[in-house]
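Biologist: Please take a close look at a single part for me, the interface between the chains. Keep it plain, and spell out your cut-offs as you go.

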Amino acid sequence: MTTTPDRLVDFDEVLTRYEPVIGLETHVELGTASKMFCGCSTTFGADPNTQTCPVCLGLPGSLPVANAAAVEHTIRIGLALGCRIATWSRFARKNYFYPDIPKGFQTSQYDEPLCTAGHLDVEVDGETYRVEIERVHLEEDTGKNLHVGGATGRIHGADHSLVDFNRAGIPLVEIVTRPIPGTGAKAPEVARAYVTELREIVQALGASDVRMEQGSLRCDVNTSLAPIGSLEWGTRTETKNVNSLRSVERSVRYEMRRQAAVLDAEGRVLQETRHFHEDTGSTSPGRSKEEATDYRYFPEPDLVPLAPDAAWVEKLGADLPELPAARRARLMEEWGLSATEMAWLVNADALGLVTDTVAAGASPADARKWWLGELARRANDAGVELTQLAVTPAQVAELTALLADGTINDQLARQTLDGVLAGEGGPKQVVEARGLAVMGESDELVAAVEAAIAGAPDVVEKVRGGKVQALGALVGAVMKTTRGKADAATVKRMLEERVVGS
Amino acid sequence: MSSTELTDLDAAELGRRLAGGEVSSVEATRAYLDRIEAEDGAVGAYLHVDGETALQRAAAVDAARAAGEELGPLAGLPVALKDVFVTEGVPTTSGSKILEGWRPPYDATVARRLKDAGTVLLGKTNMDEFAMGSSTENSAYRVTRNPWDLARIPGGSSGGSSAAVAGGLAPWALGTDTGGSIRQPAAVTGLVGHKPTYGSVSRYGLIAFSSSLDQAGPMARTVLDAAVLHEAIGGHDPRDSTSIDAPSPPLAECARRGATGDLKGLRVGVVRELGGEGHTDGYEEGVLARMAEAVQLIEGMGAEVREVSCPSFDLALPAYYLIAPSEASSNLARFEGMRFGIRVADDGRHDLDEVMALTREQGFGPEVKRRIILGTYALSAGYYDAYYGQAQKVRTLITRDFTAAFADVDVLISPTTPSVAFPIGSRVDDPLAMYAADLCTLPASLAGLPATSVPCGLSEGLPVGLQIMAPALADDRCYSLAAAVEAALDSARGHRLLDELPTRAGATGGAA
Ligand SMILES: [Zn+2]
């Protein structure tokens with residue numbers, strides 16, 4: 001894109017004059033086996049247009065049938081967010097033309113959504129922010145356009161365009177917050193924390209795999225600024241294409257800095273859709289909402305209203321799994337963690353891994369130490385997510401067990417991990433195959449110890465003369481000849497017995 | 001037996017002869033194909049006929065019968081389908097240029113059910129484009145003529161089906177009815193047509209005009225045939241969410257019992273607002289006279305007849321012309337040239353919006369455009385409540401009027417349409433005059449109720465229809481009363497009404 005760069009105000013300075021209000025619209029692709037209104041598969045990554053039928057292609061005469069599992073997931077998400085579940089809800093048609101909308105309208109919900117009036121509490125730096133949820137509704141996803149040729153990947157300038165309807169009709173839940181005022185400097189982090197927490201909840205419910213990089217969780221981030229003390233909120237922009245948690249935070253930060261510059265210059269913030277650019281962290285204008293489309297919503301006559309039975313909804317509520325906030329509180333108690341320590345785990349995306357490692361037999365302290373320490377380092381070095389490392393929580397637990405029973409020491413454990421990550425098998429297998437077990441007081445070790453003493457008479461002299469710390473050099477020599485397989489404490493004791501005499 | 005004699009038989013009689021081995025399906029199918037070949041040039045009932053495939057299917061049924069296979073009562077019977085029904089591999093246009101050349105990859109549920117029952121598809125019949133019209137003059141392809149008078153319209157929008165069945169070019173056919181599109185063409189061609197209770201026949205694979213109103217139904221030469229065809233296509237379909245999952249009453253049995261003519265205990269209401277006192281504007285005298293005779297006839301068979309007032313029926317026409325176009329404006333949005341049908345101006349010089357707009361500009365006819373514009377306007381922000389919202393309230397009022405009426409009577413009757421078949425071209429420049437043809441049929445459509453049109457005589461040598469309306473899911477009441485009226489009139493006359501069809505004599509030589 002070759003648009004002129006926006007003028008930006010320094011973030012801290014923005015807050016001296018303006019108050020931000022944020023809002024989020026989050027789309028979650030549900031992990032149902034079939035699509036929202038037909039029986040087609042929803043598997044990600046299939047060849048284009050292989051998962052289609054007359055219904056999701058919008059062929060003349062075809063009719064939708066609502067997916068009951070999708071309705072159930074939506075209600076469970078609503079319940080987890082403390083929403084009121086409608087006793088009467090309808091689908092509506094959102095009419096507009098675009099080739100990725102096969103019917104010329106998207107089947108969505110308008111004024112009669114399934115869930116309304118919920119909330120989600122999120123924590124940033126020890127402070128809790130309540131995010132009010134306006135609505136949770138169910139709709140269908142669009143197809144995917146591929147614009148071939150041209151520089152931008154956009155339709156303008158493309159030679160031709162292709163449409164893949166595999167995604168068309170996949171159930172989509174939209175979760176809309178009310179405007180969130182009062183977050184001040186924390187606005188970008190509150191936005192990120194909200195999406196993080198929402199993702200955790202949806203994941204805990206098993207409703208979706210919520211993978212932002214595959215688009216199964218997508219965010220539109222609304223940001224506006226108003227002069228401090230103003231009674232009215234400013235004009236908001238809606239940033240799309242925000243594809244990671246980090247981008248959620250960055251897009252709010254960028255929009256605050258950009259809008260402040262516009263307002264400082266006594267300009268007018270346009271109510272528009274903007275696109276976020278991952279590479280530069282900036283946003284650029286898209287469609288202007290001021291020439292807004294009239295979607296001509298009306299109740300979908302091809303579908304019957306949804307009237308969830310109260311007893312059924314109550315049962316869904318009672319059967320909800322432990323939600324992330326409750327789970328964190330319980331684990332803090334069980335593991336004896338502070339809120340900050342728990343926040344580290346969550347921010348590192350390691351809570352699930354640590355939980356599973358503890359479940360596999362490791363102590364909470366060991367599990368945390370490994371995932372936040374050595375393993376986090378390795379992931380960072382390899383440029384992958386912690387969850388993508390080629391080691392399972394059960395293997396980490398096995399590693400800590402080998403350490404605890406003295407089979408290996410810290411250094412050997414790191415070598416063992418090398419083997420596990422290289423695909424050589426589990427820790428026990430690697431220890432055996434690579435011969436990494438700690439040496440006992442074997443003849444080999446005795447020989448190494450005695451060779452070290454014989455090889456360094458000057459050091460022995462110093463130790464006997466009272467400079468006990470000089471013994472370290474002898475320990476080092478033994479460790480070197482045994483290539484780290486000896487236990488340092490054992491070596492030290494053996495050396496003391498022989499040099500100092502006890 | 002000559003082709004004409006075979007094609008004169010009603011479907012029930014032809015079915016009996018097929019089952020008894022007196023006639024083969026190939027003979028029956030060929031008889032119809034011969035007559036189509038000879039006469040459809042003048043009548044214009046069909047948009048697509050594939051004789052070869054039809055004869056192959058007929059031969060397969062004959063072979064199965066010869067092999068002693070257990071066949072259903074419809075096996076081997078030819079049938080015609082309105083071109084609004086999606087048929088796998090068979091061109092389907094809904095009467096519109098925009099779908100020219102489209103061969104669907106699937107079958108409508110009703111088409112599939114008829115196929116599974118062993119019927120032989122003769123072809124797809126002409127219709128007003130997207131079922132919008134009352135004369136079939138809005139077809140993008142051809143003019144269809146009324147076999148009773150080739151200068152007159154066959155009704156619409158199922159005018160191809162009515163002309164085919166009345167003209168001996170199909171033993172029976174399926175139509176669809178959104179505001180009267182089965183009943184009005186049946187009335188003006190001397191046929192029996194029934195619009196089932198909304199939700200009792202699947203809409204899957206029926207190219208939508210107005211989703212909350214569209215219903216498929218039978219068009220036949222006798223009440224019994226209509227009931228038999230209705231039973232073959234009806235019943236729950238999991239592919240249609242609005243399909244009713246409840247057992248349907250036995251219809252053919254009711255038609256047979258009804259023909260015995262005993263109406264004692266039946267309470268019949270004559271709707272004042274549909275041609276009654278103070279509401280005769282626009283109704284032809286001949287139509288009102290046949291209606292009055294029908295009332296006497298029904299009374300004479302023992303029914304208790306009274307006048308019933310349904311004041312909100314006066315609002316049916318404006319309400320219908322808001323609801324149907326609103327839904328149509330959305331239903332027709334998918335026709336933009338991207339995935340099926342024609343595409344205009346895809347020459348690298350026009351952008352996406354232009355290609356879609358030009359495709360629609362050239363693909364749709366004037367009546368379709370008129371209704372899309374009307375419906376788009378009615379659904380627009382700021383107008384929704386005043387138009388679509390108000391129309392839905394009128395719909396509720398009409399339903400209440402029906403509910404109140406059915407507290408006192410078992411069925412309601414009226415003329416099916418205010419006039420006999422009008423001359424081709426006489427109303428094309430006056431949409432409001434055209435819309436008036438639906439005056440009597442709209443209330444049952446808006447309330448989702450079953451209604452039958454059964455012939456009740458001629459006026460100026462042209463057929464007049466009597467409409468019988470019943471409560472939801474009481475389609476059987478329509479059939480029993482219609483059968484009684486049909487039997488009484490046939491016996492008084494000494495022959496069927498269709499036997500008076502003037503073009504008959506001239507047609508016999510066609511393809512004997
Ligand atoms: Zn599908």
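**Where B meets A**

Modeller: Let's start with charge: there is one salt bridge between chain B and chain A, meaning a side-chain nitrogen of Lys or Arg within 4 Å of a carboxyl oxygen of Asp or Glu. Bear in mind that this is a predicted model, where local features need pLDDT of at least 70 and side-chain atom pairs count only at pLDDT 80 or more, while totals for chains, interfaces and linings use all residues; side-chain values use heavy atoms, with hydrogens and water left out, residues are numbered from 1 along each chain as written, and chains are lettered from A and ligands numbered from 1 in the order written.

The partners in that bridge are D302(A) and R203(B), whose closest N and O atoms sit 3.0 Å apart. Polar contacts (N or O atoms within 3.5 Å, one able to donate a hydrogen and the other to accept it, with sequence neighbours counting only through side-chain atoms on both sides) come to 15 residue pairs between the chains, both residues at pLDDT 80 or more.

Together the chains bury about 2700 Å², with 62% of it on carbon and sulfur atoms; that is accessible area (1.4 Å probe) lost on putting the two parts together, summed over both. On the chain B side, S241(B), R334(B) and R339(B) lose the most area to chain A, together 23% of what that side buries.
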